[in-house]
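Me: I want to know what stands behind the labels used for this protein. Please take me through them one at a time.

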Amino acid sequence: MPLPRPAPGTGRWWVVGIVGCVLGVALVTWLALANTVGRVTWTDTSYKVVDDRTVEVQFEVHRPHGQAVTCLVRALDQGFGVVGSVEVQVPASPERDVHRKVTVRTTTRAVTGAVRSCSPA
């Protein structure tokens with residue numbers, strides 16, 4: 001049984017559609033990579049509620065080589081209200097990934113601590 005062929009004159013549009021799809025996928029891939037390369041990211045690794053007025057937060061900062069970074073670390077209460085915060089300066093260094101441990105003083109007992117944001121200094 002022979003395979004069906006497209007109607008005469010429609011083959012060109014199939015080629016145009018396939019080329020358009022390939023170019024669209026290439027553009028989306030390029031944009032996704034361009035928006036993530038060189039950005040500062042972070043990963044919360046742990047937190048520990050020490051007492052009613054203190055939380056220790058550990059995190060890793062992933063940044064471009066030799067870039068100084070400022071991170072905002074917050075402590076939150078049971079209702080997700082901010083009960084303490086501290087800005088952490090991560091100086092420029094040859095390492096791209098840096099681990100930090102920060103103590104956040106709180107106004108009331110916190111139940112968690114996390115990095116809110118990191119940005120180039």
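Reply: Start with burial. Buried means under 20% relative accessible area, exposed means over 50%, and partly exposed lies in between (1.4 Å probe, protein chains only). This is a predicted model, where local features need pLDDT of at least 70, side-chain atom pairs count only at pLDDT 80 or more, and totals for chains, interfaces and linings use all residues. Residues are numbered from 1 along each chain as its sequence is written, and side-chain values use heavy atoms, with hydrogens and water left out.

Me: Why is Cys118 called buried?

Reply: Its relative accessible area is 10%. Buried means under 20%. Therefore Cys118 counts as buried.

Me: Is Cys71 buried or exposed, and what makes it so?

Reply: Cys71 has 0% relative accessibility, so it counts as buried.

Me: What makes the link of Cys71 and Cys118 a disulfide?

Reply: A disulfide is a pair of cysteine sulfur atoms within 2.5 Å. Here the S to S distance is 2.0 Å. That value falls within the cut-off, so Cys71 and Cys118 are joined by a disulfide. The structure holds one disulfide. The link is right-handed, with 110° about the S-S bond. It ties together distant parts of the chain: Cys71 sits in strand β3 and Cys118 in strand β6, 47 residues apart.

Me: And Cys21, buried or exposed?

Reply: Cys21 has 54% relative accessibility, so it counts as exposed.

Me: How do you know which strands pair in the sheet that contains β3?

Reply: Strands are DSSP runs (E, at least two residues), and helices are DSSP runs too (H or I, at least four residues); both are numbered from the N terminus. Two strands pair if DSSP finds at least two bridges between them. Strand β3 (residues 69-76) is joined to β4 by eight bridges. Ala75 stands opposite Gly84 in β4, and Val73 stands opposite Val86. The open sheet has three strands, in the order β4-β3-β6.

Me: What makes β4 and β6 edge strands?

Reply: Each pairs on one side only. β4 covers 82-90 and β6 covers 112-120. The twist averages 20° from one strand to the next. For such angles, axes are lines fitted to C-alpha atoms (for helices over the stretch in contact), and the angles run from 0 to 180 degrees between N-to-C directions.

Me: What lies between β3 and β4?

Reply: The two form a hairpin with five residues between them. Phe80 in the turn has a positive phi of about 65°.

Me: How do you know that β1 and β2 pair?

Reply: Nine bridges join strand β1 (residues 41-51) and strand β2 (residues 54-62). The definition asks for at least two, so they pair. The sense is antiparallel. Trp42 has Val61 in β2 as its bridge partner, and Tyr47 has Val57. β1 and β2 form a hairpin with two residues between them.

Me: Why are β1 and β5 at the edges of their sheet?

Reply: That open sheet has three strands in the order β1-β2-β5, paired antiparallel. β1 and β5 (97-105) each have a single partner strand, so one side of each is left without a neighbour in the sheet.

Me: What makes Arg109 and Asp52 a salt bridge?

Reply: A salt bridge is a side-chain nitrogen of Lys or Arg within 4 Å of a carboxyl oxygen of Asp or Glu. For Arg109 and Asp52, the N to O distance is 2.8 Å. That is within 4 Å, so the pair counts as a salt bridge. Arg109 lies in the loop between β5 and β6, Asp52 in the loop between β1 and β2, 57 residues apart. Arg109 is partly exposed at 46%. Asp52 is partly exposed at 44%.
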